[in-house]
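This report describes one predicted protein model.

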Amino acid sequence: SAMTNLGSILRTTGRLDEALALHQRALAIYPGDPDLCYNFGNLLRSLGRRGEAIGYYDRAVTHRPAMQLAHYNRGLTLQELHRPAEAEAAYRAALAIDPAHYDSHLNLGEVLEKQGRPMDAADAYRRAIELAPGRHEALNNLGLLEQAMGRPAPALDLLLRALALNPADHRVASNIIVTQQY
């Protein structure tokens with residue numbers, strides 16, 4: 001546990017080589033420690049070694065199946081690797097553990113869109129909005145989806161709500177301009 005914490009501190013402070021060496025030593029001693037596997041997966045992901053990271057997230061959930069964040073980060077990593085069907089399964093596993101995890105719903109919506117399932121994506125975004133009405137990302141994504149489905153009025157309403165929540169997000173402002181042109 002102390003090694004896991006130290007490794008996480010080293011990673012977050014940018015001392016990646018030291019964090020890598022420490023995690024590798026710790027894994028040699030405790031190969032099945034789920035927290036260690038999870039944190040090593042995060043380190044590998046931050047180093048761009050996504051394929052290896054997935055293996056460590058898998059090891060973490062093998063040893064602790066209810067480790068919600070390992071499922072979620074596995075989903076993020078698979079999404080970054082453009083593997084939406086696998087990412088969907090990982091997000092659904094995370095949501096089976098914590099159905100109120102906003103980011104899992106948000107990212108589930110994104111991968112469902114990538115798979116050409118707009119209605120399912122809309123459902124995921126709506127659930128995210130229900131869970132965190134003060135966050136703007138799902139409103140923006142749902143607005144873009146409504147626009148893509150040829151419904152500019154609801155799209156504009158959603159995008160304006162997103163902008164009201166985060167006026168600094170210039171992407172939302174750009175999306176509003178594009179939507180108003182329809």
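## The largest pocket

The largest pocket is lined by Leu-106, Glu-110, His-136, Glu-137, Asn-140, Asn-141, Asp-169, Arg-171, Val-172 and Asn-175. Helix 7 (102–114), helix 9 (137–148) and helix 11 (170–180) are the elements that give two or more residues to this lining. Helices (H or I, at least four residues) and strands (E, at least two) are DSSP runs, numbered from the N terminus. By class, the lining holds two nonpolar, four polar and four charged residues. Here Ala, Val, Leu, Ile, Met, Phe, Trp, Tyr, Cys and Pro count as nonpolar, Asp, Glu, Lys and Arg as charged, and the others, Gly among them, as polar.

The volume of the largest pocket is about 160 Å³. A pocket is an open set of points on a 1 Å grid over the protein atoms alone, where a 1.4 Å probe fits, with protein on both sides within 12 Å along at least five of seven lines; lining residues have an atom within 4 Å of a point. Grid points are joined across faces, edges and corners, and the volume is the space filled by probe spheres set on the points.

## Basis of the model

The model is predicted: local features need pLDDT of at least 70, side-chain atom pairs count only at pLDDT 80 or more, and totals for chains, interfaces and linings use all residues. Residues are numbered from 1 along each chain as its sequence is written, and side-chain values use heavy atoms, with hydrogens and water left out.

## Overall architecture

The chain has eleven helices and zero strands. Its C-alpha atoms fill a box of roughly 60 × 30 × 25 Å, taken along the principal axes. Of the 182 residues in the chain, 44% are buried; buried means under 20% relative accessible area, exposed over 50% and partly exposed in between (1.4 Å probe, protein chains only).

Among contacts in the chain with a separation of 6 or more, 44% join residues 24 or more positions apart. A contact means heavy atoms within 4.5 Å.

Helix 7 has 13 residues, which at 1.5 Å a residue should span 18 Å, and its end C-alpha atoms are 19 Å apart, in agreement. The expected span is 1.5 Å times one less than the number of residues. Tyr-102, Ser-104, His-105, Leu-106, Asn-107, Leu-108, Gly-109, Val-111 and Leu-112 are the buried residues of helix 7. Their cover includes helix 5 (68–80), helix 6 (84–97), helix 8 (118–131) and helix 9.

His-105, in helix 7, is buried because its relative accessible area is 10%. Beyond its neighbours within four places in sequence, His-105 is in contact with Leu-95, Pro-99, Ala-124, Arg-127, Ala-128 and Leu-131. Leu-95 belongs to helix 6 and counts as buried because its relative accessibility is 11%. Leu-95 and His-105 are ten residues apart in sequence, with C-alpha atoms 7.7 Å apart.

## Nonpolar cores

The largest nonpolar core has 30 residues, of which Tyr-91, Tyr-102, Leu-108, Tyr-125, Ala-138, Leu-142 and Leu-145 touch the most other members. Helix 5, helix 6, helix 7, helix 8, helix 9, helix 10 (152–165) and helix 11 each supply at least two residues of this core, and helix 8 gives the most, with six residues. Apart from this core lies another, of 19 residues, among them Leu-22, Phe-40, Leu-43 and Met-67. Such a core is a set of buried Ala, Val, Leu, Ile, Met, Phe, Trp, Tyr and Cys residues joined through side-chain atoms within 4.5 Å.

Leaving aside its neighbours within four places in sequence, Tyr-102 is in contact with Ala-128, Leu-131, Ala-132, Arg-135, Glu-137 and Ala-138.

## Loop residues

His-82 lies in the loop between helix 5 and helix 6. Although His-82 is not a glycine, its phi is positive, about 60°. His-82 is exposed because its relative accessible area is 69%.

Helix 7 is followed by Gly-116, with a positive phi near 75°. Arg-117 is placed in the loop between helix 7 and helix 8 and counts as partly exposed, at 27% relative accessibility.
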